[in-house]
Amino acid sequence: MRVTRRSTRTAAVATGAVAALLLPAAGAFAADGPDRVPGAGATSGQSVFWRNVDLADGSLAKVYQDGPGRFSAEIYADGSLIGTLTSTDGQPVHGRNNGLHVVLRPDGTVTSWIEDAPAPKPTPAPKQKPEPAPKPAPKPAPKPAPGQASAEVTLPDGNTARFHKSASWPRVEISRPNGHAVATLDLRHPAAGHHGWTYRLVDAGGHRYELAAIDTPKQGAGSSVYDFWGRLVEKHVARKV
C-alpha cells in the first residue's frame, strides 16, 4: 500500500500499515471531476471513477477502481487534493491527516473518523434466541422382569392374586396371606377352587385377560372381576334369600 501526492510537497508512504495524508495541495480540484487518465493513482491500466464518499470532517474521498481488486481514493479538503490512498495486495490502507483517519479497503469501501472520536465499531450481528431444548419423550412404563408380577391385589376371600402379563402365556398366581401357594391359573388350567371360592382366568378378547373370583351360593354367590393391572372392573353382590 502507498500514499502518493499530486503536488510539489512530499507525503509518507505506508505498506500494509498507516500512511500520513499530505498537507493541502497547491491546485484545487472540483468535487465531481472527470475520470483520471490511464495510469493515474495506479500501477497500470485504466482508472475508472467508482464513487464519492463524504468523510467524517466534511472532506471528500473520490474512489477509483484501478484494476481487478485494486482501488485508490483521492482525498479532497475545500476542493484541494491533500493525498491519495491506494489499496493493493488485497489489504486495506490507512491514512491520517490533522486528526482525520481514512481507511480504504480492497473492495473500494471507505471508512473515516476523527481522532478525538472513537473509531467506528462494526455493527454486531443480532443475537439469535436460543431454541428451547426439546422436551424428553415420556419414558415407557418399565416392563416387569421375568418372574416379576405386573400387579398384585387382595381378593375378597383374603387371598392374594399376582398377575403376570404375557400375550402368549398369561398367568395368575394365588396365595394365602402367609405366602403359601393356593393355585396357578394359565391357559391350560384356567380355573381352580379354594374353600368355597372359584378362581377363573377369563379371555376378554384382543389378548386381554381378566380374573374372576366367585363365591359359592352357600356363602352368598358374590363375584369380583379384575384386569391384569389389578383394577376391579366388575363386582356382583348376590341378593341373599
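These are my notebook entries on a few spots I looked up in this predicted model.

**Ground rules.** I number residues from 1 along each chain as its sequence is written, and side-chain values use heavy atoms, with hydrogens and water left out. Because the model is predicted, local features need pLDDT of at least 70 and side-chain atom pairs count only at pLDDT 80 or more, while totals for chains, interfaces and linings use all residues.

Entry 1: I began with strand S3 (residues 48–54) and strand S4 (residues 60–67), which pair in the antiparallel sense over six bridges. Strands here are DSSP runs (E, at least two residues), numbered from the N terminus, and two of them pair if DSSP finds at least two bridges between them. I found Arg 51 opposite Val 63 in S4. Five residues sit between the strands of this hairpin, and Gly 58 takes a positive phi near 95 degrees there.

**Entry 2: an aromatic pair.** The structure holds four aromatic pairs. I picked Phe 49 and Tyr 64, whose ring centres are 5.7 Å apart with planes at 75 degrees, so the pair is edge-to-face. For the record, rings of Phe, Tyr and Trp (its six-membered ring) pair if their centres lie within 6.5 Å; planes under 30 degrees apart count as stacked, over 60 as edge-to-face and the rest as tilted. Phe 49 lies in strand S3 and Tyr 64 in strand S4, so the pair ties together parts 15 residues apart in sequence. Are the two buried or exposed? Tyr 64 is buried at 1% relative accessible area, whereas Phe 49 is partly exposed at 29%. Buried means under 20%, exposed over 50%, and partly exposed in between (1.4 Å probe, protein chains only).

**Entry 3: the cores.** The largest nonpolar core has 16 residues, and Ala 161 and Phe 163 are among those with the most contacts inside it. Such a core is a set of buried Ala, Val, Leu, Ile, Met, Phe, Trp, Tyr and Cys residues joined through side-chain atoms within 4.5 Å.

**Entry 4: Trp 229.** I then went to the loop between strand S17 (223–227) and strand S18 (232–236), where Trp 229 lies. At 52% relative accessibility, Trp 229 counts as exposed. Leaving aside neighbours within four places in sequence, Trp 229 is in contact (heavy atoms within 4.5 Å) with Ala 151 and Lys 165.

Conventions: Helices (H or I, at least four residues) and strands (E, at least two) are DSSP runs, numbered from the N terminus.
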